[in-house]
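Visitor: Please take me through this model one feature at a time, with the general idea before each case.

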Amino acid sequence: MGLGAGTLTLNACGLIPPASTPFTPPPGSLSLVVDLTAERATVPIFSGAETSIWRYQASVQEGSGESIQTLSGSYLGPIFRVKKGQHIQVRLKNELPDPTIIHWHGLRIPEEMDGHPRYAIEPGASYEYDFQVINRAGTYWFHPHPHQLTAPQVYYGLAGLFIVSDDEESALGLPSGEYDLPLVIQDRTFDSQNQMVYLENGMMDQMIGFLGDKILVNGAPNANLEVKASAYRLRLLNGSNSRIYKLAWQDGTPLRVIATDGGLLEAPVVRDYITLAPAERVELWADFSGRATGSEMRLVSLPFSGLSGNSMMGGGMMGSSSLPNGASFNILNLKIGEKGADVIPLPSRLSTIERHDVKDAVNQNNPRSFTLAMQGMVHTINGLVFEMDAVARDETVRLGDLEIWEFANLESGGGGMGMGMMNMEMPHPMHIHGVQFQVLGRQITGGNESAYPELSAGFVDDGWKDTVLVLPGEKVQVLVRFENYVGTFLYHCHNLEHEDAGMMRNYKIKS
Ligand code: C2O
Ligand code: CU
Ligand code: CU
């Protein structure tokens with residue numbers, strides 16, 4: 001099985017041909033039809049008892065079997081590998097005991113395809129997705145989005161990557177095939193029977209967000225990966241419910257970033273560490289060709305302080321995970337093997353990103369602002385929590401408009417927005433459905449720095465984003481154009497416990 005030993009394996013999925021309807025693909029057909037069943041199962045994560053999990057099982061009904069990769073023995077996945085322009089049909093079958101619906105995170109698709117909780121289907125029911133991929137090449141993903149059940153459903157295993165390629169990207173000749181490695185980083189807590197434990201600290205976990213005490217990569221704990229002495233494209237997704245990673249190579253090798261949430265950067269950027277919040281993606285170009293056979297490298301999360309749920313803050317009072325946010329730990333051990341493919345130098349120019357001009361924003365003098373604060377026991381956006389159908393007056397935008405959206409995080413001890421005696425130092429990774437945006441600016445108010453000095457050098461704000469981390473005491477402005485579809489979409493904190501507790505709102509794009 002391999003996985004029990006913590007080895008990652010990535011296999012092309014066995015194609016299950018449709019039993020009754022023989023299909024002859026029209027020449028050059030770009031359509032992909034997949035049956036995706038959300039179901040309960042068990043997988044061997046540790047030696048001993050198998051772990052009960054929830055997962056998506058895919059079967060390709062039409063199109064290339066290479067469009068779907070499975071992570072063998074893992075709860076995660078599958079991985080879609082599609083091309084820009086491709087027409088996708090997915091039939092979701094709900095074999096879970098609870099309602100569910102899939103959201104395609106980062107994709108520009110119509111409202112009915114986007115997985116708003118109002119479209120959730122009951123156990124036994126099905127939902128038909130049918131959309132065209134209009135996003136540029138990038139590492140997108142999908143996960144459940146039912147009302148107040150997103151966090152547990154992701155936690156128990158439901159999530160997969162949705163990788164889009166396009167001609168511009170293919171022309172670069174970046175590492176591909178076995179040299180293109182998706183790495184989904186998550187944290188989980190297991191009991192002595194190898195079963196996942198969720199929200200054992202109740203209210204406190206809900207307020208801070210769940211922090212597991214084991215780190216998993218592609219569903220494997222203590223993950224080991226054998227790589228060749230060659231260059232790799234590593235696609236990292238923080239698929240955790242609430243944990244923030246401060247990613248670095250353990251030996252101090254700088255990280256070469258080539259892409260963020262919405263695909264390639266214009267040019268690679270180099271960071272000593274990368275701050276990766278829940279739902280954010282970053283792609284690295286990692287060249288192991290100069291390394292000796294048998295040598296090892298470790299991807300780690302560096303220590304940091306200044307957040308609630310952190311070992312430094314409030315002791316055991318604020319959350320009692322034995323692996324607090326800001327703890328230092330190993331993520332992945334890489335073992336360098338034999339020489340692999342020849343390394344093509346990393347191009348100095350990767351793509352063209354048309355920069356939005358703030359002067360084109362319809363609200364340049366009056367940014368649409370969203371205040372993130374704690375009220376009572378919940379985190380709110382402009383004083384409000386999620387309502388299934390409500391759209392406030394300041395939550396309506398016009399199709400085609402470029403706007404400045406500003407997220408102001410008042411949850412910093414110095415801001416006085418803490419709850420009574422306890423100060424909250426709460427980061428909020430803010431995500432907007434249906435768009436990709438550009439980060440315009442960030443400000444931190446003096447006296448409210450909290451974790452900022454320890455994490456801000458790890459932001460990669462240079463390209464397209466759909467999720468942006470807003471640290472305690474910080475204000476972040478993004479430039480966003482609502483350009484594809486009218487409809488009601490969501491924006492929310494991607495700390496999934498915050499989201500489920502109501503830190504989410506609708507916004508409406510009207511013509
Ligand atoms: Cu990945 Cu509504 O989120
Ligand atoms: Cu999303
Ligand atoms: Cu939040």
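Visitor: How many helices and strands are there in the protein chain?

Guide: Helices (H or I, at least four residues) and strands (E, at least two) are DSSP runs, numbered from the N terminus. In the protein chain there are 5 helices and 33 strands. This is a predicted model, in which local features need pLDDT of at least 70 and side-chain atom pairs count only at pLDDT 80 or more, while totals for chains, interfaces and linings use all residues. Residues are numbered from 1 along each chain as its sequence is written, chains are lettered from A and ligands numbered from 1 in the order in which they are written, and side-chain values use heavy atoms, with hydrogens and water left out.

Visitor: What coordinates the copper ion (ligand 3)?

Guide: His-428 (ND1), Cys-493 (SG) and His-498 (ND1) coordinate ligand 3 at 2.0 to 2.1 Å. Along the chain, the donors of this copper ion have the spacing H-x64-C-x4-H. His-428 in strand S28 (residues 428-432) and His-498 in helix H5 (residues 496-500) are 70 residues apart, a pair linking distant parts of the chain. The relative accessible area is 0% for His-428 and 1% for His-498.

Visitor: Which residues have the most contacts inside the largest nonpolar core?

Guide: In soluble globular proteins, nonpolar side chains tend to be buried together. A nonpolar core is a set of buried Ala, Val, Leu, Ile, Met, Phe, Trp, Tyr and Cys residues joined through side-chain atoms within 4.5 Å. The largest one has 36 residues, and those with the most contacts inside it are Leu-234, Leu-236, Trp-249, Phe-288, Ile-331 and Leu-332. Strand S23 (residues 329-339) supplies the largest share of this core, 5 residues. A second, separate core has 32 residues, including Val-34 and Met-113.

Visitor: How much of the protein chain is buried?

Guide: Buried residues account for 59% of the 511 residues.

How values were computed: Donors = N, O, S within 2.8 Å, 3.2 Å for Na, K, Ca; no water. Buried < 20%, exposed > 50% of the residue type's maximum accessible area, 1.4 Å probe, protein only.
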